[in-house]
Amino acid sequence: MTTIVTDAGFAADDWNRGYAKPNAAANDALALHLEPDTDPDQVPLSPGLEMIRVNFPSFSDGRGFSIARQLRLRGFAGRLRACGHVLADQYAMARRSGFDEVEIDDDLAARQPEDQWLARANWRDHDYQSRLRG
Amino acid sequence: MYVYSEFDNAFLAERNAQFRAQVERRVSGALTEDEFKPLRLMNGVYLQLHAYMLRVAIPYGTLNSAQMRKLAELADRWDKGYGHFTTRQNIQYNWPKLTDIPDMLDSLAEVGLHAIQTSGNTIRNVTADHFAGAAADEIADPRPVAELIRQWSTDHPEFQFLGRKFKIGVTGSANDRAVIKAHDIGLRILERDGETGFQVVIGGGLGRTPMIGKVLRDFLPRADLLPYLEAALSVYNLLGRRDNKYKARIKITVHEHGIDAIRDRVETLFERLRTTFVGLDQARLDDIEAAFAPPALRGASVAAFETACKTDPVFRSWADTNLAEHRDPDHAIVSISLKAHGATPGDASSEQMRVMADLAERFGYNELRISHEQNVILPHVHKSDLPALHAALKAAGLATANIGLISDIIACPGMDYCALATARSIPIAQEIATRFDELKIENDIGPLKIKISGCINACGHHHVGHIGILGLDRAGVENYQITLGGDATQDAVIGERAGPGFSADEIVPAIERLVQAYLDLRTEPAETFLQTYRRTGLAPFKSALYPEARAHAA
C-alpha cells in the first residue's frame, strides 16, 4: 500500500490506471512513470496525458525536482507526482518545483506521520522564489 | 549595507524552527542519521573529528559591528571563546553541542546572520571581493548581485539536493581578489558599450582534480543573471554524475561533455526560463543596491597620517603592508592580519572580535569584511584615523604587519579538527611564520603567498599558492608535497608539483631553501617570487629543494 500526500494531508491512492514508460509507444499514454535519469526534454507530452510520476530512488537524489520544473516549463498542466524516498522536509521543495503530490510507502508514512508533512503545507509562505518572479 | 527585511527575518525564524524540529525528530527516530545528515549540513552543521562544528555564513564577507559582536558572543556562550574564519568567508565554531545549535541559530538571527547552505550539496554561501565597495579599481560593487544570488539560491526548491556542492563567487574588479576562476561559477562584473553585465566562468575548482574555470558567456546582460544561473544549475543537476562523488562537481561535467555542449544546453534552457522572470528580480536588485550605497565619507586633512609615516617606523611598516588603495584618496582599506607569527591562521578570540567591532564603529563607518585569505578588513578608514587605529590594534595584538607576505598563510584546519584531513596544516603554517620572523627577511622577500591544505580536498587552496603545500598520509606518516607557481588572481594558474614530498620535520627547511633560491635568482628586489618562477621555470627551484639529487647527478 502507498500513501498520497497533498496539502490536505494523507489519503489513499486514487490512481488505478497504471503507468507507461516514456519510450514504449507512449504517445497516447494516460500516465507516465519516469526515472530520475530521464531527460525531461525527451518526454512525449501528448494531449491525452493526465499524469506523470517521477521516482526518487533516494531522497538525496534531487534530479526529480529539476525534471518536474522543466516539465512544467514545457507546458505540462496535468497531475505531477513524486514517488519513492521523499522526506517530509522535502515536501515544500516538491510543491514549489511543480509537483502536486507525493507518493510514499507505509514504512515512511509510519516513521514520518501526517503532522510532519502538514507542517510543510505552508510551502507558499517564506518563499524567496515567488518574490523574485512574476 | 543590506539589512534584513521583514521577509528575511520571518524566513530565518521559520527555517530555524524547522531545524529545531529536525533535531528533535532525529532524537525521536523520525529521521534516520542518513536522512538527518543532509538536513543538518544545509544548516551548517558538520560532524568533525572531536565534535560537531557549526559553520556560519558571512555572506559576501560583509559584517557590521553588531554582527561581529554576535560572533564573539557565540564563541563565549556556546564554544571555547574563539572562532575560525575560513577561505569561503565563513566562520566556524569547533565545539558546539548539537542540542545547543538551534539556540545558536536563533541568537544569530537576531542580527540577520545564519548558517544556511554553508555546507551540503547545495548552492553555498556566495562569496565576493573583500574590498568590495571600497577598492579603487572597482567597476561596480559586487555585493548587491551577491545578495540577490543569496536570496535566489536560499532554499531554492530545485537545488537543495544537487549531485555535489556548488560555489559561486563574484568580483566587480578586473583584479580578481575573489578567486572566481576556482569556483563552480565565477562572475565578473564588466561594462560593454555602456551596459553593465557579467562574464560568466564555469567549472573551476580545486580539490583532487583542480581546474581553472572556462568562459561560458563573455557578456551576460545584468538583467539576465538569475534565469541564466538557474539554467546552468538545472543543466548541472540533471547532467552531473551521481555515480561517483569524486566526479560529481560541475568541473567534471564540463570536462566530460565539453564547454560547447554545456553552453548549448544552458542557452536553450535559459531562453525558456527567461520568460519566468518579469522584472521583480531587477526591482529587488535596485532596492538592494540602494541599501549598499557607500557611506558618506568624511573629508579632513590627512596630515596626521603623513606625519606618522615619517616619524613612526612601526606604523610605517604596517601601513606599507596592510593598507590598500581606496577609491577615495583620503581613505584607506585596512587589512587586520589574523596571522600573527605562531598563531593559528584565521582564528580570532572573542575579545579580538569585540575589539575589531569597536574599531569598525569608531573608525570604519561600522563596516567589516572577512577575506578568503582569512583576515579581517576595515574597508573605509580615513587616513587621519590610521595612527590611532594602529595603536589600538597593537594593544590588542592585531597589528601584525604581514599582509601578502610569506607569513600571511592560508591554512585549512587540517588534522587538528577536520575529519577529512590526512595531515596537520596549522602547525606547519605556525612553524613557517615563526621561522621567517626569526630570519627577519620577510619584507625583503616581498609578496609571496603560501597556501596549505591538510588533504586533497584543497580547502587551503594550495593549488593556487605561489608555494602550495599539500599534507598527505603516507603509510601513517605525514608527508607534505610542494607545488610551485600557482596563482589565484585573474591570471589563475594551477601550481606545478615540485617532486617527492617532505616529512613534517623537513618541510620548513625545504621552504627555506626555496626562498633562498628565489633571493639568489631574482634579478632585482622588485622581481617577485612568482615573476622569478615564471621567468626561470621549475628547474632551479627543484634543485634547491632536492640538493641530494643534484649531487647524485653530478
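Analyst: What follows begins with the confidence of the model, goes on to the sheet, and ends with other parts of chain B.

This is a predicted model, with an ipTM of 0.97 and a pTM of 0.96. For chain B the average pLDDT is 96, and 99% of the residues score at least 70.

The open sheet is formed by 5 strands of chain B in the order E3-E14-E15-E12-E11, and their pairing is antiparallel. Its edges are strand E3 (62-64) and E11 of chain B, each of which pairs on one side only. Direction ignored, neighbouring strands of this sheet are turned by 35° against each other on average. Within the sheet, strand E14 (residues 367-370) and strand E15 (residues 376-382) of chain B run antiparallel and are joined by 2 bridges; here B:Ile370 stands opposite B:Val376 in E15(B).

Two helices of chain B can be described against this sheet. Helix H3 (residues 65-78) of chain B lies across E3 and E14 of chain B, and its direction is at about 90° to E3(B). Helix H11 (residues 313-322) of chain B has B:Phe315, B:Trp318, B:Ala319, B:Thr321 and B:Asn322 as buried residues. The buried residues of H11(B) pack against strand E11 (323-325) and strand E12 (331-336), and also against helix H10 (303-311) and helix H13 (386-395), again in chain B. As background to such a pattern, an α-helix has 3.6 residues a turn, so residues three or four places apart point the same way.

Turning to the record, an unreviewed UniProt entry lists residues 119-270 and 408-544 of chain B for "domain: Nitrite/sulphite reductase 4Fe-4S". Over residues 119-270 chain B is 30% helix and 20% strand, with the end C-alpha atoms 27 Å apart, while over residues 408-544 chain B is 36% helix and 19% strand, with the end C-alpha atoms 23 Å apart.

Strand E8 (residues 185-192) and strand E9 (residues 195-202) of chain B pair in the antiparallel sense over 8 bridges, and B:Glu191 stands opposite B:Thr196 in E9(B). The hairpin of E8(B) and E9(B) has 2 residues between the strands, and B:Asp193 takes a positive phi near 50° in this hairpin. E9(B) is in turn joined by 5 bridges to strand E10 (residues 214-221) of chain B, and these two strands run antiparallel; B:Gly197 has B:Pro221 in E10(B) as its bridge partner.

B:Tyr480 counts as buried because 25 other C-beta atoms lie within 10 Å, the threshold being 20 or more. Leaving aside neighbours within four places in sequence, the contacts of B:Tyr480 include B:Ala423, B:Ile428, B:Phe502 and B:Ile507. B:Tyr480 and B:Asp505 are 25 residues apart in sequence, and their C-alpha atoms are 9.9 Å apart in space.

Finally, 31 residues of chain B are in contact with 25 residues of chain A. Helices H1 (6-28), H2 (33-41), H5 (143-153), H6 (225-239) and H9 (280-291) of chain B each supply at least two residues of the side that touches chain A, and H1(B) gives the most to that side, with 5 residues. By class, this side of chain B has 15 nonpolar, 8 polar and 8 charged residues.

Definitions and conventions. Residues numbered from 1 in each chain as written. Chains lettered and ligands numbered in written order. Predicted model: local features only at pLDDT ≥ 70, side-chain atom pairs only at ≥ 80, totals over all residues. Buried ≥ 20, exposed ≤ 12 C-beta atoms within 10 Å, placed from the backbone. Helix = DSSP H or I, 4+ residues; strand = E, 2+ residues; numbered from the N terminus. Contact = placed C-beta atoms within 7 Å. UniProt positions renumbered as here; feature names shortened; annotations may be inferred. Pairing = 2+ DSSP bridges. Axes fitted to C-alpha atoms, helices over the stretch in contact; angles between N-to-C directions. Nonpolar A, V, L, I, M, F, W, Y, C, P; charged D, E, K, R; others polar. pLDDT = per-residue confidence, 0-100.
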